[in-house]
Amino acid sequence: RSPAAVVLNAAMLDAGCQSSGQRSHCSSWYRHLVSRLRLMPRYGCEDYDMQVVGIVGGVASGKSLVACRLVELGAALIDGDATGHDVLCEPDVIGQIVDRWGTGVLDADGAIDRSAVACRVFATGPGGAEDLAFLEAIMFPCIRRRIEDQIETWRAAGDIEVAVVDAAVMFKAGWDRNCDIILFVDAPRADRLSRAQSRGWT
């Protein structure tokens, strides 16, 4: 069961929200999105309007910008990166990581040192690929559980129209199956390059 797909140019949305009529423009865009969602089949929740939007896109395309705009206009947000950081604090996850790489991946407080883990999973050669696959096998199911729990909590509350999932590895992890619609964010190449350079990326 695949979610519907919509393409959004982040540059157009940002330009509209910076103009003199920013509230009107963005509110109209948001209402259009909500209206479109309501016309789509709802997966497993026929009795409730809340829809789950997954945000995807290329590097520096404006995914976080779009997520922030949606939140400003009333959506609720699940941040995939922040959820992943929370999962790294779970005792069982810490235990499995230490069992594989030893206490060298812990910081002075006994928490996972993400930079130390990154050095292993993003290392060149087959060892890095194997370590990345190991980490993903631990992390992805735990993150998915948290995403599903949060979605169900919001559905039970009954006061949210749109829930946004912002996650860079949406398709790789299979979290798109938790979404009713996938919003693909794009932007002109020049804008993406400028945004990446402003972050110190090369």
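In the predicted model, helix H3 is followed by Gly 74, a residue whose phi is positive, near 120°. Helices (H or I, at least four residues) and strands (E, at least two) are DSSP runs, numbered from the N terminus. Within helix H3, which spans residues 63-72, the buried residues are Lys 63, Leu 65, Val 66, Ala 67, Arg 69 and Leu 70, where buried means under 20% relative accessible area, exposed means over 50%, and partly exposed covers the values in between (1.4 Å probe, protein chains only). In general, an α-helix has 3.6 residues a turn, so residues three or four places apart point the same way.

Residues are numbered from 1 along each chain as its sequence is written. Because the model is predicted, local features need pLDDT of at least 70 and side-chain atom pairs count only at pLDDT 80 or more, whereas totals for chains, interfaces and linings use all residues, and side-chain values use heavy atoms, with hydrogens and water left out.

The protein chain as a whole contains 9 helices and 5 strands, and from the N terminus on these elements follow the order β-α-α-β-α-β-α-α-α-α-β-α-β-α. Of its 202 residues, 43% count as buried. The accessible surface of the chain, computed by the Shrake-Rupley method with a 1.4 Å probe (for residues, only the protein chains shown count as cover), comes to about 10,800 Å², and carbon and sulfur atoms account for 53% of that surface. When contact is taken as heavy atoms within 4.5 Å, 76% of the contacts between residues at least 6 apart in sequence join residues at least 24 apart.

The strands can be described through their pairing, two strands being counted as a pair if DSSP finds at least two bridges between them. Strand E2 (residues 51-57) is mostly covered, with 6 of its 7 residues buried. E2 pairs in the parallel sense with strand E4 (residues 162-166) over 5 bridges, and in this pairing Val 52 stands opposite Ala 163, while Val 53 has Val 164 as its bridge partner in E4. E2 also runs parallel to strand E5 (residues 181-186), to which 5 bridges join it, and here Val 53 stands opposite Ile 181. Strand E3 (residues 76-79) likewise pairs with E4 in the parallel sense, over 4 bridges, and the bridge partner of Leu 77 in E4 is Val 164.

In a regular strand the side chains alternate between the two faces of the sheet. For E4, both faces are covered, since Val 162, Val 164 and Asp 166 on one side and Ala 163 and Val 165 on the other are all buried. In strand E5, by contrast, attention falls on Phe 184, which is partly exposed, with a relative accessible area of 36%. Phe 184 and Gly 54 are 130 residues apart in sequence, yet their C-alpha atoms are 8.4 Å apart in space.

The largest pocket has a volume of about 570 Å³. Of the 21 residues that line this pocket, the closest to its centre are Asp 81, Phe 122, Leu 135, Met 139 and Phe 140. A pocket is found on a 1 Å grid over the protein atoms alone, as an open set of points where a 1.4 Å probe fits, with protein on both sides within 12 Å along at least five of seven lines, and lining residues have an atom within 4 Å of a point. Grid points are joined across faces, edges and corners, and the volume is the space filled by probe spheres set on the points. Helix H4 (80-87), helix H6 (114-121) and helix H7 (126-157) each supply at least two residues of the lining, and the largest share, 6 residues, comes from H7. The lining divides into 14 nonpolar, 3 polar and 4 charged residues, where Ala, Val, Leu, Ile, Met, Phe, Trp, Tyr, Cys and Pro count as nonpolar, Asp, Glu, Lys and Arg as charged, and the others, Gly among them, as polar.

Asp 81, which is found in helix H4, is exposed, with a relative accessible area of 53%, and although Asp 81 and Val 169 are 88 residues apart in sequence, the distance between them is 9.7 Å, C-alpha to C-alpha. Glu 90 lies in the loop between H4 and helix H5 (91-101) and is buried, with a relative accessible area of 14%. Leaving aside neighbours within four places in sequence, Glu 90 is in contact with Cys 142, Arg 145 and Arg 146.
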